Amino acid sequence: MAGTNLELTGFLLLALTTLTLAIPPRRPRLDGRIVGGQEANIKDIPYQVSLQRSYHFCGGSLIAQGWVLTAAHCTQGSAIEFSQVRIGSSRTADGGILVGIKRVHRHPKFDAYTIDFDFSLLELEEYSAANITQAFVGLPDQDADIADGTPTLVSGWGNTQNALESAAVLRAVTVPKVSQLECTDAYGGFGTITDRMLCAGLPEGGKDACQGDSGGPLAADGVLWGVVSWGYGCARPKYPGVYSRVASVREWIASVSGV
């Protein structure tokens, strides 16, 4: 009887192990930080916006009058329609204007488990752009790409991990684009880096490797290449930030927004 129990226990352990291995690991969520960056003026990043309830919770990018591109995981939950977007301010608590969200267009293929197709378009209520700092970031062509190593600018209002660096003021940092192969190798334990994702960061981590607020922009030369999506921690060696690849859904953006 004892031998039978041991065999049964061994079978159950093997079954549980097999089941565990069969389930792809859940993606680690970004902790929403700009680490090692510098304070930035909204005049230098005029397409950056803050998504707010009674507090800042995600970033986004103005792509046209009344249209913001952000991450789909930022728009989960029924309360998103009751949120607002602050436009034209370097600070999250004041300045610029607050605009209501008229409609949320989440990408129909968004997968909350793998964080694939992590895109949402926010259709804003009507507002006047007079006397505010606003400009629209450019969008790449469908399936276009930039060279590995290209410097990209990521920005946001996330936790800085430094008591001397206020998260209330916009911050930005430059990080290089990482090759798809290097990114895939880095995140092999967390599942597949899909064609809707790209990476940016430094292999040694530290102050120059960062992720900005979820939903915020990763841009180069005035063109939006990525949306802050997910990653393992922040500024960790060998783990670049993972961004949703805007060029992979350029046609969807046009079909929804007309941009």
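## Lys177 and Asp148

A salt bridge joins the side chains of Lys177 and Asp148, with an N to O distance of 2.8 Å. The two residues sit in distant parts of the chain, 29 residues apart: Lys177 belongs to strand β9 (residues 171-178), while Asp148 is in the loop between β7 and β8 (151-156). The model is predicted.

Lys177 has a relative accessible area of 6% and is buried, because buried means under 20%. Asp148, at 48%, is partly exposed.

## The network

Lys177 and Asp148 also belong to a network of salt bridges, in which they are linked with Asp145 and Arg245. For the model as a whole, the count is 6 salt bridges.

## Asp116 and Arg196

Asp116 and Arg196 form another salt bridge, and their closest N and O atoms are 2.7 Å apart. Asp116 lies in the loop between β6 (97-106) and β7 (120-124), and Arg196 in the loop between α2 (180-186) and β10 (197-200), so this pair ties together parts that are 80 residues apart in sequence.

The relative accessibility of Asp116 is 10%, and Asp116 therefore counts as buried.

## Asp94 and Arg91

Is this pair buried or partly exposed? The side chains of Asp94 and Arg91 meet in a salt bridge with an N to O distance of 3.6 Å, which falls within the 4 Å cut-off. Asp94 has a relative accessible area of 38% and is partly exposed. Arg91, at 37% relative accessibility, is also partly exposed.

Methods: Residues are numbered from 1 along each chain as its sequence is written. This is a predicted model: local features need pLDDT of at least 70, side-chain atom pairs count only at pLDDT 80 or more; totals for chains, interfaces and linings use all residues. Side-chain values use heavy atoms; hydrogens and water are left out. Buried means under 20% relative accessible area, exposed over 50%, partly exposed in between (1.4 Å probe, protein chains only). Helices (H or I, at least four residues) and strands (E, at least two) are DSSP runs, numbered from the N terminus.
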